[in-house]
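Biologist: I have a structure open and would like to learn how to read it feature by feature. Could you walk me through it?

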Protein chains: 2
Amino acid sequence: MSLLTVGTVAFDAIETPFGKTDKIIGGSATYGSLAASYFSNDVKLVAVVGDDFPSADIALLESHGISTDGLQIKQGEKSFFWAGKYHIDMNSRDTLATELNVLADFDPVIPDSYQGVDYVMLGNLSPQVQKTVLERLEKKPKLVMMDTMNFWMDTAMDALVETIGMVDVLSINDAEARQLSGEYSLVKAAKKIMKMGPETLIIKKGENGALLFKQDLVFFAPALPLEEVYDPTGAGDTFAGGFIGYLAKTDDITFNNMKKAVIYGSALASFAVEKFGTERIIKITEDDMADRIERFIDLVQLEGRI
Amino acid sequence: MSLLTVGTVAFDAIETPFGKTDKIIGGSATYGSLAASYFSNDVKLVAVVGDDFPSADIALLESHGISTDGLQIKQGEKSFFWAGKYHIDMNSRDTLATELNVLADFDPVIPDSYQGVDYVMLGNLSPQVQKTVLERLEKKPKLVMMDTMNFWMDTAMDALVETIGMVDVLSINDAEARQLSGEYSLVKAAKKIMKMGPETLIIKKGENGALLFKQDLVFFAPALPLEEVYDPTGAGDTFAGGFIGYLAKTDDITFNNMKKAVIYGSALASFAVEKFGTERIIKITEDDMADRIERFIDLVQLEGRI
């Protein structure tokens, strides 16, 4: 099935306790579409960059079968740039620079060839832009997933709540679920947030796994215990792309299949953090994936009855 | 199989965002032996209290089939008392009072009737006392599990490391694993700690579940997402008691059976936090237990192939 990924395509400069990078390709739509490309050969990208964005990086996306017809290249403008430094716990970070550049007035254009798309991933981006994308789709997609972050809760809560009300699946982290709902208990938070619109909620807990909620159903996917996390940048976007990519591939949005999608999303995210930026997720083999999924299954597997 | 539980039997005064208690029965051996009593009808307690300790509370332990032959009652002395106040996240707390009283010079006595015991749980207690208990056992037990906490890392690291070197299974939380090993990565921390002696390590992560390590094997047991955690006091002790109680019941110390023991320990702990103190874990029915175990299994269960 076809899958539209919307979000940022950007430059990141990343520093972690293990090293630092120059400007490298990043952004929610970059990670999301690359992750999804392992499942769907019909991934369509909507994003914006400046004319400073290397054609080699665009070619990289295209080499993964991602359509860049919806990638606007703004002449005379610069790409979105983020620089950050992670602390030793890898969960907290300082933002060293945020240059919106082309994102400041991003008006998303949906190419005609994208209309009729089946699955949509609204990657982390201004909720107004996420909403505009949905309004510009002529046919209601089978499933819309939205990822967002606390920045929009701090700066654009009304627009955020409106957009959340339009989607089927929301993906946020535990701190964001608490902030959005005003509830400390994640079970209570999930109930409140599902009343805001999304039938399904994913609460990402980083190295502590992810919870999937739908009505009274709940599923927990562990994260793989890793020797080292080199760079958590894009892990959440990669998770989201892997999750919806798997749904688009299987075209099955039952709760049981969403459980499997959460495992695949978690597996993709576990690759993402093993190297800086997109370095690891641009070259995952089928064997890598099968091996990783097996490790996720083994991690919670019991032999025999309990 | 017979099981010896050593630790504190004490008074606690607890305050959480949901309420507060007067002095109630608490202590690592109380929670641990009560939890273990659901699996073994041959639980033997070694601890010390003052003459202020109510006979009704001792009778409560005995009503669970726990032998109190090894419970010293010091005339003219007072029982160990701890008072604490939990913060809204229920993971952090302030200690309001710690009165060692009878614990200050606790010299553990092993009754003759306890000799030859098969399984031993060294509940949280001074590592010197934990070590003394092991030295006073005439026959090497089949398995010794030790639970401890950061307090002993801060105040008695040498003795702690010595005692850790004598046990088969160590149970600590994630922050303690990091403190003990000096490694942030829990996988690296586990490797270092297993080199200190214990063949098996359990890293408890509270609401984020627990990891079981043995050599290169790893298993993850989730915690049950709960609407409310009323009082986390004793959850770790209850986990430890449930874990070793299940091992003693099944008399099977393979890694696969330890996985099941971690699920049972987690299930017991999930009951413990639902009410203040020991209120919930003194009356768990067989149906309660079966239902709870089913919820733990369902939480990570996939239908069909992935």
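Biologist: Which residue of chain A comes closest to the rotation axis?

Modeller: This is a predicted model, and in it A:N208 comes closest of the residues of chain A, with its C-alpha at 2.9 Å from the axis.

Biologist: How is chain A laid on chain B?

Modeller: A turn of 180° with a shift of 0.0 Å along the axis does it, and the RMSD is 0.0 Å. The two copies are therefore related as by a two-fold rotation axis. The same surface serves both copies, with 100% of the contact residues of chain A recurring in chain B.

Biologist: How many residues are in contact between the chains?

Modeller: There are 29 residues of chain A in contact with 29 residues of chain B. On the chain A side, α7 (186–195), β14, α9 (255–272) and α10 (286–299) each supply at least two residues. Of these, α9(A) gives the most, with four residues. By class, the side of chain A that touches chain B has 18 nonpolar, three polar and eight charged residues.

Biologist: Let's turn to the sheets. How do the strands of a sheet pair?

Modeller: Strands pair through backbone hydrogen bonds, and they do so either parallel or antiparallel. Here, nine strands of chain A form an open sheet with mixed pairing, in the order β6-β5-β1-β9-β10-β11-β12-β13-β14. The edges are β6 (66–74) and β14 (217–221) of chain A; each has a single partner strand, so one side of each is left without a neighbour in the sheet. On average, neighbouring strands of this sheet are turned by 15° against each other, direction ignored.

Biologist: Which way do β10 and β11 of chain A run, parallel or antiparallel?

Modeller: They run parallel: three bridges join β10 (residues 143–147) to β11 (residues 169–173) in chain A.

Biologist: Which residue takes a positive phi in the hairpin of β7(A) and β8(A)?

Modeller: That is A:M90, with a phi near 65°; the hairpin has six residues between the strands.

Biologist: Is A:L103 buried or exposed, and what does it touch?

Modeller: The cut-off for buried is 20 or more other C-beta atoms within 10 Å. A:L103 has 23 such neighbours inside 10 Å, so it counts as buried. It lies in the loop between β8 and β9 (119–122) of chain A. Not counting residues up to four places away in sequence, A:L103 touches A:T8, A:V48 and A:F80. From A:L103 to A:A156, 53 residues apart along the chain, the C-alpha separation is 15 Å.

Biologist: Last one: which residues touch the most other members of the largest nonpolar core?

Modeller: Of its 192 residues, A:M145 and B:M145 do. Leaving aside neighbours within four places in sequence, the contacts of B:M145 include B:V120, B:M121 and B:L122. Also among them are B:V167, B:D168, B:V169 and B:S171, along with B:A240 and B:I244.

Definitions and conventions: Residues numbered from 1 in each chain as written. Chains lettered and ligands numbered in written order. Predicted model: local features only at pLDDT ≥ 70, side-chain atom pairs only at ≥ 80, totals over all residues. Pairing = 2+ DSSP bridges. Axes fitted to C-alpha atoms, helices over the stretch in contact; angles between N-to-C directions. Least-squares fit on C-alpha atoms with pLDDT ≥ 70 in both. Contact = placed C-beta atoms within 7 Å. Nonpolar A, V, L, I, M, F, W, Y, C, P; charged D, E, K, R; others polar. Core = buried A, V, L, I, M, F, W, Y, C linked by C-beta atoms within 7 Å. Buried ≥ 20, exposed ≤ 12 C-beta atoms within 10 Å, placed from the backbone.
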